[in-house]
Amino acid sequence: MDLNAYQAAARLTALYPDAGSNPIYPTLGLTGEAGEVADKVKKVLRDRAGHFDDEVRAEIALELGDVLWYVAQLASELGYELEDVANQNLSKLRDRSARGQLKGSGDHR
């Protein structure tokens, strides 16, 4: 599935207040779901000595799907297609790599 097809299909399930003019809701959902991913990874370190078995990996994959859904909704709210967001990101990373700037911090390095 391509990213724009996913975005369009996911948009059909966007049943939150003021969908279409509410970037705040998917932003908050994105942070919540990213936190759930982080929590599951934390528990792998705490409870499983860092071992990611198939069950845990499947649980994390489900949470990553939720992260992707919220990314798609936020992109839609802001008028972006996921393909464009992904391509822009890869372009940025290629440029940083060519300049030896993959390490470090800051958006504009």
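Helix 1 and helix 3 lie roughly perpendicular to each other in this predicted model. Their axes cross at roughly 90° and come within 9 Å, with helix 1 spanning residues 3-11. Two packed helices are described by just these quantities, the angle between their axes and the distance between the axes.

Which residues make the contact?

Trp69 leads us on to the aromatic residues. Together with Tyr16, Tyr25 and Tyr70, Trp69 forms one aromatic cluster. The structure holds four aromatic pairs. One of them joins Tyr16 and Tyr25, and this pair is stacked because the ring centres are 4.7 Å apart and the planes sit at 10°. Tyr25 also pairs with Tyr70, this time in a tilted arrangement, with 6.5 Å from centre to centre and 45° between the planes. Tyr25 belongs to helix 2 (residues 24-47) and Tyr70 to helix 3 (residues 54-78), so their pair ties together parts that are 45 residues apart in sequence.

| Residue | Relative accessible area | Class |
|---|---|---|
| Tyr16 | 6% | buried |
| Tyr25 | 35% | partly exposed |
| Tyr70 | 14% | buried |

Tyr16 and Tyr70 count as buried because their values fall under 20%, whereas Tyr25, the partner of both, is partly exposed.

Methods:
Residues are numbered from 1 along each chain as its sequence is written. This is a predicted model: local features need pLDDT of at least 70, side-chain atom pairs count only at pLDDT 80 or more; totals for chains, interfaces and linings use all residues. Side-chain values use heavy atoms; hydrogens and water are left out. Rings of Phe, Tyr and Trp (its six-membered ring) pair if their centres lie within 6.5 Å; planes under 30 degrees apart count as stacked, over 60 as edge-to-face and the rest as tilted. Buried means under 20% relative accessible area, exposed over 50%, partly exposed in between (1.4 Å probe, protein chains only). Helices (H or I, at least four residues) and strands (E, at least two) are DSSP runs, numbered from the N terminus. Axes are lines fitted to C-alpha atoms, for helices over the stretch in contact, and angles run from 0 to 180 degrees between N-to-C directions. Angles under 35 degrees count as roughly parallel, over 145 as roughly antiparallel, 65 to 115 as roughly perpendicular and the rest as oblique.
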